[in-house]
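Dear colleague,

Please find the structure below, handed over for your own work.

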Amino acid sequence: MDFLYESIGLGVDLVILGLCLRQYVNYNHSGRMLKSAAQVPIDGDLRSALEKQQDKKIPFAVIRGTVTPIGPPIRSTLVPGVSGVLQIMKLTEHRVTRGFAGFWTDNLKVLHESANLVPFELRNQGHGVEIIDALRAGVLDVDVVYDNYEPATMTLWDHIFGFISGIRQRGLQTSEAVLREGSVLTAIGELELDGKVLRMQPSEDGSLILTTATKATLIQRLEEGKSALIFRMAFYGSISVLLLGLIARKLYLKRKQQRAEDEIRNRLEEERRERRALMRPQNLTDDQRCVVCSSNPKEIIILPCGHVCLCEDCSQHISNICPVCRGKIDSKTAAFIV
Ligand SMILES: [Zn+2]
Ligand SMILES: [Zn+2]
């Protein structure tokens, strides 16, 4: 295929552009929701404020308070003295792999990931709001309390095996992240009064944000993310335009070449036809004339039927069926009648 590399490049570029666009739409949506979200203080009036709302719900509210476990907290597995309400343990392999073009590139593979969660609430002035489904949060700011990288010791055999298999291990990283008890957190989601319990859960479109940042910082972060995405979209968009231009140019040149070749072929054919016309005998009987044009002599034999009934000019336009017997034409060749 003439445009294989350009087409592959364009395909990859459009996929990246699509992903950027989707991310931008997400950011834009979150930004709009966030700006419209009401900042609700956790205090003694919150319960009565919710009772006045339809379904006792605020679809998108911002609350801020101190992380407090309901019941015993989770003790950190790797760091003594640290406790929290949510824990994420991760074992990641750092490795280099050989890509299809033969280049070795660094990448990461998560070998094991586990999460623990205990019920918790955000408390302020002696009042609390329980946070539901924290692990589903779109934004989840947790403290990395342990992060250790152990380089792999490679034997000669490992090197040989790595070279053959195309995967070499560099080392293992163990990390533990905890949402600490006592940290101050901003939560954004659906606030609901369910019976006597105040709780916050993912809103109808699924978004829940748990962050150490304030609402203003979060909006600023989203705006910065949007600007970066606009820059990236402009970059990948220009590459798309460039590749489309290259494909269009190649197509134009190919067509131009094709036209030039056709022109030469037609001119040569015309010259041959004129030469043939000059060499043809003039005084022919009707039997000797081509059955199609009735002017030129019969010059071509049709096979397998063997009929000599066409001149060379007409034979160029007839390729399927013999005009005399209607038999199928396998081949045609010059007939020499002496
Ligand atoms: Zn003819
Ligand atoms: Zn025939």
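Ile 301 stands opposite Thr 333 in S16. This is a predicted model, in which local features need pLDDT of at least 70 and side-chain atom pairs count only at pLDDT 80 or more, while totals for chains, interfaces and linings use all residues. Residues are numbered from 1 along each chain as its sequence is written, and chains are lettered from A and ligands numbered from 1 in the order in which they are written.

Strand S14 (residues 300-303) pairs with S16 in the antiparallel sense over four bridges; two strands pair if DSSP finds at least two bridges between them. The open sheet has three strands in the order S15-S14-S16, with antiparallel pairing. Its edge strands, each pairing on one side only, are strand S15 (308-310) and strand S16 (331-334). On average, neighbouring strands of this sheet are turned by 45° against each other, direction ignored; the axes are lines fitted to C-alpha atoms, for helices over the stretch in contact, and angles run from 0 to 180 degrees between N-to-C directions.

In the loop between S14 and S15 lies Pro 304. The peptide bond leading from Leu 303 to Pro 304 is cis, with omega near 10°.

**The chain as a whole**

The chain has five helices and 16 strands. Helices (H or I, at least four residues) and strands (E, at least two) are DSSP runs, numbered from the N terminus. The radius of gyration is 39 Å, whereas a compact globule of 338 residues would have one near 20 Å; the radius is taken over C-alpha atoms, and the globule rule is 2.2 Å times the number of residues to the power 0.38. The C-alpha trace spans about 120 × 65 × 35 Å along its principal axes.

Of the 338 residues, 18% count as buried. A residue is buried if 20 or more other C-beta atoms lie within 10 Å of its own, exposed if 12 or fewer, and partly exposed in between, with C-beta atoms placed from the backbone.

The domain assignment, which is automatic or from a database, gives domain 1 (37-212) and domain 2 (286-334). Their centres, taken over C-alpha atoms, are separated by 84 Å.

**Annotated spans**

UniProt, in an unreviewed entry, places a "transmembrane region" at residues 229-248. UniProt positions are given in the numbering used here, feature names are shortened, and annotations may be inferred rather than shown by experiment. That span, 229-248, is 100% helix and 0% strand, and its end C-alpha atoms lie 28 Å apart. For "domain: RING-type" (unreviewed entry), UniProt lists residues 290-326. Residues 290-326 are 11% helix and 19% strand, with end C-alpha atoms 16 Å apart.

**Individual residues**

Thr 68 is placed in strand S2 (residues 57-69). Thr 68 counts as partly exposed because it has 16 C-beta neighbours inside 10 Å. Leaving aside neighbours within four places in sequence, the contacts of Thr 68 include Phe 120 and Glu 181; two residues are in contact if their C-beta atoms, placed from the backbone, lie within 7 Å.

Gln 125, in the loop between strand S6 (120-124) and strand S7 (127-131), has a positive phi of about 50° although it is not a glycine. With 10 C-beta neighbours inside 10 Å, Gln 125 counts as exposed. Ser 294, also not a glycine, has a positive phi near 55° and lies in the loop between helix H4 (215-279) and S14. Ser 294 is exposed, with 11 other C-beta atoms within 10 Å.

With kind regards
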